[in-house]
Amino acid sequence: MSMNKKEVRVHYKNLRKELSLDAVEDKSLAIANKIIELPIWNKTYYHVFLPIEEQKEVNTEYILHLLSGKDKEIVVSKSDFETRAMSHFLLTDNTKIKKNEYNIPEPINGLPVASEMIEVVFVPLLAFDLEGNRVGYGKGFYDKFLAECKPETIKIGLSFFEAEEQIENIFELDIKLDYCVTPEKVYEF
């Protein structure tokens, strides 16, 4: 049985609510361990989202450790809720991170990075399907951001749950993922 985007959002928000904080940590670590296997380590600029803890998003701290261990340039973003645009900054030891009104941790300062420079993007999502379509929170930030990236930018979804077979009413304009990583496996599209 396939669900549409709206049903998918409700379903996966509920599944996520049921996860204990320990489960979130364990699954986040399992995802990071799977990411090590991906053929993505010859790049320089990696974009990582900082999780909204209240929404039980994948804790990307483990991925940050991986990246800094490999001496990669890490890019984090600020979201403008009026224009739905994201601006990107290099994450360094001097970057101050503060939660915005939506509890999204964001850099307050930093060196700006153009979308075109970003080579790998770890993409937050609520759900995804076997075609590589993702469903986010519906605000369109990532659709807009990914459209600004070069076509060869590697887009990697992170999900606590496995793929839906098919999600209905996906727009053709939605940019597909190249990979999605769950605690159990890596999907390649």
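Which residues does phenylalanine 122 touch, not counting residues up to four places away in sequence? This is a predicted model, where local features need pLDDT of at least 70, side-chain atom pairs count only at pLDDT 80 or more, and totals for chains, interfaces and linings use all residues. Residues are numbered from 1 along each chain as its sequence is written, and side-chain values use heavy atoms, with hydrogens and water left out.

Back to the question. Phenylalanine 122 touches Ile35, Ile40, Tyr46, His47, Val48, Phe49, Ile63, Leu67, Tyr142, Ile156 and Leu158, contact being heavy atoms within 4.5 Å.

Next, the core. The largest nonpolar core has 55 residues, and Ile35, Ile40, Phe122, Ile156 and Leu158 have the most contacts inside it. Helix H2, residues 21–35, gives the most to this core, with 5 residues. A nonpolar core here is a set of buried Ala, Val, Leu, Ile, Met, Phe, Trp, Tyr and Cys residues joined through side-chain atoms within 4.5 Å. Buried means under 20% relative accessible area, exposed over 50%, partly exposed in between, with a 1.4 Å probe and protein chains only. Helices (H or I, at least four residues) and strands (E, at least two) are DSSP runs, numbered from the N terminus.

Now glutamate 57, in the loop between E2 and helix H3 (61–69).

Last, leucine 15, in helix H1 (residues 5–17). Leucine 15 counts as partly exposed because its relative accessibility is 24%.
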